[in-house]
Amino acid sequence: MPEQRTVASVRKNARQEIRIGLQEYEGRQIASLRIWFKAEDGTMRPGKDGLNFRVDLLPELHEAIAEAVRAADAEGLLTQA
């Protein structure tokens with residue numbers, strides 16, 4: 001499988017981050033969300049937790065996440081950093 005190009009990452013905690021990536025797989029463009037963890041040797045490695053999906057679903061996923069942010073904000077669940 002060709003190497004994934006990371007386009008963004010979000011720190012989950014001190015040892016993990018969520019990476020958003022793009023890659024081609026069997027002639028199709030794929031987007032991925034995957035948990036990466038810091039190994040004992042200090043390198044970041046991909047974990048088993050993640051999700052791969054067609055890149056054309058990104059706009060719909062973007063809107064779904066925006067809706068979740070609006071709902072969490074309306075319920076007072078988000079805090080300012």
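Trainee: Where does Ser-32 lie?
Mentor: Welcome! This is a predicted model. Ser-32 belongs to a strand covering residues 28-38. That strand is E3.

Trainee: Is Ser-32 buried or exposed?
Mentor: A residue counts as buried when its relative accessible area is under 20%. Ser-32 has a relative accessible area of 2%, so Ser-32 is buried.

Trainee: Which side chain does the side chain of Ser-32 join in a polar contact?
Mentor: Leaving aside residues up to four places away in sequence, Ser-32 touches several residues, among them Arg-19, Leu-51 and Phe-53. Gln-4 is also one of those it touches. The polar contact spans 2.5 Å, and the partner of Ser-32 in it is Gln-4.

Trainee: What is the order of the strands in the open sheet?
Mentor: The open sheet has four strands, with antiparallel pairing. Strands E1 (5-11) and E4 (44-54) stand at the edges, because each has a single partner strand. The twist averages 25 degrees from one strand to the next. The order is E1-E2-E3-E4.

Trainee: How many bridges join E1 to E2?
Mentor: E2 covers residues 16-25 and runs antiparallel to E1. One example is Ala-8, whose bridge partner in E2 is Ile-20. The number of bridges joining E1 to E2 is six.

Trainee: How many residues lie between E3 and E4 in their hairpin?
Mentor: E3 and E4 run antiparallel and are joined by eight bridges. Lys-38, for instance, has Met-44 in E4 as its bridge partner. The turn includes Gly-42, with a positive phi of about 90 degrees. Between the two strands of the hairpin there are five residues.

Trainee: What span does helix H1 reach from its first C-alpha to its last?
Mentor: H1 covers residues 58-74, which makes 17 residues. At 1.5 Å a residue, the expected span is 24 Å, and the helix comes close to that. H1 is followed by Gly-76, whose phi is positive, near 75 degrees. From first C-alpha to last, H1 reaches 24 Å.

Trainee: How many salt bridges does the structure hold?
Mentor: Side chains of opposite charge can pair when their charged atoms come close. Asp-41 forms a salt bridge with Arg-45, with the closest N and O atoms 2.9 Å apart. Another salt bridge brings together Asp-56 and Arg-54, at 3.0 Å from N to O. The structure's number of salt bridges is five.

Trainee: Which residue is linked with Glu-63 and Glu-67 in a network of salt bridges?
Mentor: Here the salt bridges form a network that links three named residues. Two of them are Glu-63 and Glu-67, and the other is Arg-70.

How values were computed. Residues are numbered from 1 along each chain as its sequence is written. This is a predicted model: local features need pLDDT of at least 70, side-chain atom pairs count only at pLDDT 80 or more; totals for chains, interfaces and linings use all residues. Side-chain values use heavy atoms; hydrogens and water are left out. Buried means under 20% relative accessible area, exposed over 50%, partly exposed in between (1.4 Å probe, protein chains only). A polar contact is a pair of N or O atoms within 3.5 Å; within protein, one must be able to donate a hydrogen and the other to accept it, and residues adjacent in sequence count only if both atoms are side-chain atoms. Contact means heavy atoms within 4.5 Å. A salt bridge is a side-chain nitrogen of Lys or Arg within 4 Å of a carboxyl oxygen of Asp or Glu. The expected span of a helix is 1.5 Å times one less than its number of residues. Two strands pair if DSSP finds at least two bridges between them. Axes are lines fitted to C-alpha atoms, for helices over the stretch in contact, and angles run from 0 to 180 degrees between N-to-C directions.
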